[in-house]
Amino acid sequence: MKPLQELTRPNIWSLAPYSSARNEYSGHEAHVFLDANENPFGNPLNRYPDPLQHELKERLSQVKGVPADSIFLGNGSDEAIDLLYRCFCQPGIDNVVAIEPTYGMYRVSADINDVEYRPVLLDERYQIQAASLLTACDQHTKLIWICSPNNPTGNNIDREEMLKVIDQFQGIVIIDEAYSDFSRQRPLRLELSLHPNLVVLNTLSKAWASAAIRLGMAFAHSDIIALFNKVKYPYNVNYLTQQQALRILSNQSDVERWVRLILEERSRMIEAFRQLPVCEQVYPTDANFFLARVTDAQAIYDYLVSQGIIVRNRTRVQLCNNCLRITIGTRTENGELLAALRQY
């Protein structure tokens with residue numbers, strides 16, 4: 001890995017971050033707050049939230065097995081994705097490499113930040129070859145994006161190939177583990193100390209059933225987290241989100257039960273889906289969804305919409321022609337989908 005200063009945009013490295021009122025007295029106890037021009041009435045929502053989410057990070061550290069100073073929290077994982085471009089990529093000069101197909105926000109954020117996006121197609125098994133990703137890089141490649149389990153394909157990316165990329169690339173490698181709670185593969189966030197150029201993304205939106213509160217996580221070396229904290233907006237995670245996240249994190253047994261039920265239902269759904277006349281293939285999955293090739297994805301999608309059932313049509317995505325991505329719902333919801341397709 002190149003020195004972090006060399007990878008970072010010069011203006012970001014030298015940036016003097018905004019100092020919020022809540023940061024300036026950090027480390028001291030206080031009970032009278034006359035510093036932030038807040039309304040003194042309406043407690044607790046009248047006060048700005050903790051800008052660095054200390055209590056929540058300490059709880060997440062226990063749950064995720066990552067030191068608190070290696071955790072960044074944002075408004076969904078999308079904030080961390082955007083920050084990676086803003087911290088490391090010079091607009092109009094630098095580029096990034098990503099697997100294809102994958103989560104669309106990596107490309108959208110590249111376009112927003114005027115950064116060249118270089119997709120590298122997966123093979124017929126939806127897997128990577130480390131050499132292909134590394135060959136696509138040049139001296140201006142700052143980031144490599146890998147989602148595992150991948151979206152929309154659902155499968156874990158080969159761990160050994162990912163490690164080759166991490167070990168050989170001189171820039172930052174991002175492994176998006178949004179769906180890792182549904183996978184048996186050991187999360188790479190647990191190996192951060194071995195890889196100073198690794199950033200791992202995670203979220204409370206999936207297994208933790210908290211998509212509405214928009215809490216995303218990035219795990220990385222504390223020096224990378226410090227850069228994120230320099231650039232982020234001062235109060236990027238609101239009080240209500242922080243409090244709800246603490247509540248859901250105290251119900252870990254519920255989450256484990258939900259994951260178990262989803263995995264059981266996934267197995268049942270895949271077996272039933274394979275028997276449908278419209279189904280041509282169901283691809284292996286390690287997530288809470290599966291990708292299936294069908295006879296006519298657009299026509300079937302339109303039919304399901306007319307029945308009030310929404311799935312994701314991925315037929316226009318590379319390597320996903322005539323494919324639908326189907327999230328595992330409740331047994332009742334899944335049954336309604338199957339019943340509708342049997343009538344198609």
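**Exercise 1. Identify the residues with the most contacts in the largest nonpolar core, and describe the surroundings of one of them.**

Solution. Start with the term: a nonpolar core is a set of buried Ala, Val, Leu, Ile, Met, Phe, Trp, Tyr and Cys residues joined through side-chain atoms within 4.5 Å. Buried means under 20% relative accessible area, exposed over 50%, and partly exposed in between, with a 1.4 Å probe and protein chains only. The largest such core has 52 residues, and Ile146 and Leu204 touch the most other members. Next, take Leu204 and leave aside neighbours within four places in sequence: Leu204 is in contact with Ala209, Ser210, Ala211, Ile213, Leu215, Met217, Ala245, Ile248 and Leu249. Contact here means heavy atoms within 4.5 Å. Finally, a second, separate core holds 32 residues, including Ala80, Val96, Ile174 and Ile225.

The model is a predicted one, in which local features need pLDDT of at least 70 and side-chain atom pairs count only at pLDDT 80 or more, while totals for chains, interfaces and linings use all residues. Residues are numbered from 1 along each chain as its sequence is written, and side-chain values use heavy atoms, with hydrogens and water left out.

**Exercise 2. Give the strand order of the sheet and state which strands stand at its edges.**

Solution. Strands (E, at least two residues) and helices (H or I, at least four) are DSSP runs numbered from the N terminus. Two strands pair if DSSP finds at least two bridges between them. On this basis seven strands form an open sheet with mixed pairing, in the order E1-E7-E6-E5-E4-E2-E3. E1 and E3 (116-121) are the edge strands; each has a single partner strand, so one side of each has no neighbour in the sheet. From one strand to the next, the twist averages 25 degrees. Axes are lines fitted to C-alpha atoms, for helices over the stretch in contact, and angles run from 0 to 180 degrees between N-to-C directions.

Within the sheet, E5 (residues 172-176) pairs with E6 in the parallel sense over four bridges, and Val173 stands opposite Leu198 in E6. Helix H9 packs on the sheet, touching E1, E5, E6 and E7, and its direction makes about 30 degrees with that of E1.

**Exercise 3. Determine how strand E2 is covered and paired.**

Solution. First, burial: six of the six residues of E2 (residues 95-100) are buried. Asn95, Val97 and Ile99 lie on one side, and Val96, Ala98 and Glu100 on the other. Second, pairing: E2 and E3 are parallel over six bridges, with Val97 opposite Arg118 in E3. The chain crosses from E2 to E3 through helix H6 (residues 105-112), in a right-handed β-α-β crossover. Right-handed means that, with the strands pointing away from the viewer, the path from the first strand over the helix to the second runs clockwise. Third, E2 also runs parallel to E4 (residues 141-147), joined by four bridges; Ala98 stands opposite Trp145 in E4.
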